[in-house]
Amino acid sequence: MIKVENLRYAYDNGRVALDGVNLEIADGEFLAVIGTNGSGKSTLAKHFNALLKPTAGKVYVDGLDTSAEKNLWRVRETVGMVFQNPDNEIVAAIVEDDVAFGPENLGIEPAEIRRRVDLALETVGMTGYRNFSPSKLSGGQKQRIAIAGAVAMRTRVIVFDEPTAMLDPQGRREVLATIKNLHAQGLTVILITHFMDEAAAAQRVAVMEAGRILKAGTPREIFSDVAEMKRLGLDVPAAVELAERLRRRGVRLPADILTAQELAAVLKGK
Ligand code: ADP
Ligand code: MG
C-alpha cells in the first residue's frame, strides 16, 4: 500500500508544486490521476518511488518512509516508473537487451534474466520483436518495450506519467491495453493522463488542482459533473460529452453514462 500524508513539495526555486496531498493507494488498485498542466501530477508521481523526497509530510510505501535513505532500495524494488517519451528510456540497440538492462544492473543471474525478459515481452505483446532495433518500432511499440523494461524489474507497482502523450491513437490503444493487462495480472497501477477515456478505464480517479487533490472517486462519480470538469479546464470521456450534448437537445438519458457501449445500449432501447 502507498500512503501520502500532508505531502508538501517546494522546488529549489521556491515554487510550491504540492501543497498538502493526502492519498492512499491500495494493493492491486488501478488509480488514474488527472489535472491541468502544472497541477503537480508529475511531482507527485516522483514521490512514489523516492525520485523526490517530501519538503514536509510523508510518503510511505508498504509502511516504509520514502525519505529515509535506508529504505530507498526497497522502495525502488516495489515501485517502478514509466515516463512520457520512450526515446528517453530506451538504452540498448536491440529490444531484448533493452528489457534486460534493468535486471542486469541488479546483478541477477543470466538464466533468470532470460526468463524475465521472455515473460516481460510476452506481457506487453512484443515477443516477436525481441531481436529488432527499437529505432524500427512505432511509438506505441517503443513504449511497450519501455513498459517491458519496468515489468522485468518485478516491481508490484508501476507509475505511468502520461505514457501515451506522444503516441498516435493506435499506439495509445496498445499502451492502454497493456496497462489494463498489467492491472489484471495483479499489479498496482497509477496512471497519470490527460486522456479522459484512459482515466475512465481506472477503478478510481484523483483530480489534482494547484498542488492538491481536489477530489477522488470512481470514474462514474468524477465524470458525472461535466460542468465542474469544464470549470477545472478538464475534458470528460467522449461518451460522457456526447451524452451531455444529446441531453441538451432533449434526449432523456441516465445521468451517469460513462462508456460508448453504455450510451449505445441506451440509445438502442429507444
Ligand atoms: P504536472 O505534471 O501536473 O503538469 P508538475 O508536477 O510538472 O505538474 O509541476 C507542478 C508545478 O511545479 C508547476 O508549477 C511547475 O511549473 C513546477 N515545476 C515542475 N518542475 C519544476 C522544476 N524542476 N523546478 C521548478 N519548478 C518546477
Ligand atoms: Mg507532468
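Which helix is Arg116 found in?

1. A word on the model. This is a predicted model, in which local features need pLDDT of at least 70, side-chain atom pairs count only at pLDDT 80 or more, and totals for chains, interfaces and linings use all residues. Residues are numbered from 1 along each chain as its sequence is written, chains are lettered from A and ligands numbered from 1 in the order in which they are written, and side-chain values use heavy atoms, with hydrogens and water left out.

2. Arg116. This residue is found in helix H4 (residues 110-123); helices (H or I, at least four residues) and strands (E, at least two) are DSSP runs, numbered from the N terminus. Arg116 is buried, its relative accessible area being 13% (buried means under 20%, exposed over 50%, partly exposed in between, using a 1.4 Å probe and protein chains only). Leaving aside residues up to four places away in sequence, Arg116 touches Ile108, Ala152, Met153 and Arg154 (contact means heavy atoms within 4.5 Å).

3. The sheet. Four strands make an open sheet in the order S2-S1-S4-S5, paired antiparallel (two strands pair if DSSP finds at least two bridges between them). Strand S2 (16-25) and strand S5 (64-65) are at the edges with a single partner strand each, so one side of each has no neighbour in the sheet.

4. Strand S1 and its partners. Seven antiparallel bridges pair strand S1 (residues 2-10) with S2, and Arg8 stands opposite Asp19 in S2. With S4, S1 pairs over five bridges, again antiparallel; here Val4 has Val59 in S4 as its bridge partner.

5. The S4-S5 hairpin. S4 and S5 run antiparallel and are joined by two bridges, with Val61 partnered by Leu64 in S5. Two residues lie between the strands of this hairpin, and Asp62 in the turn has a positive phi of about 50°.

6. A helix pair. Where do you look next? Val95, Asp98 and Val99 in H3 meet Ile145, Ala148 and Gly149 in H5.
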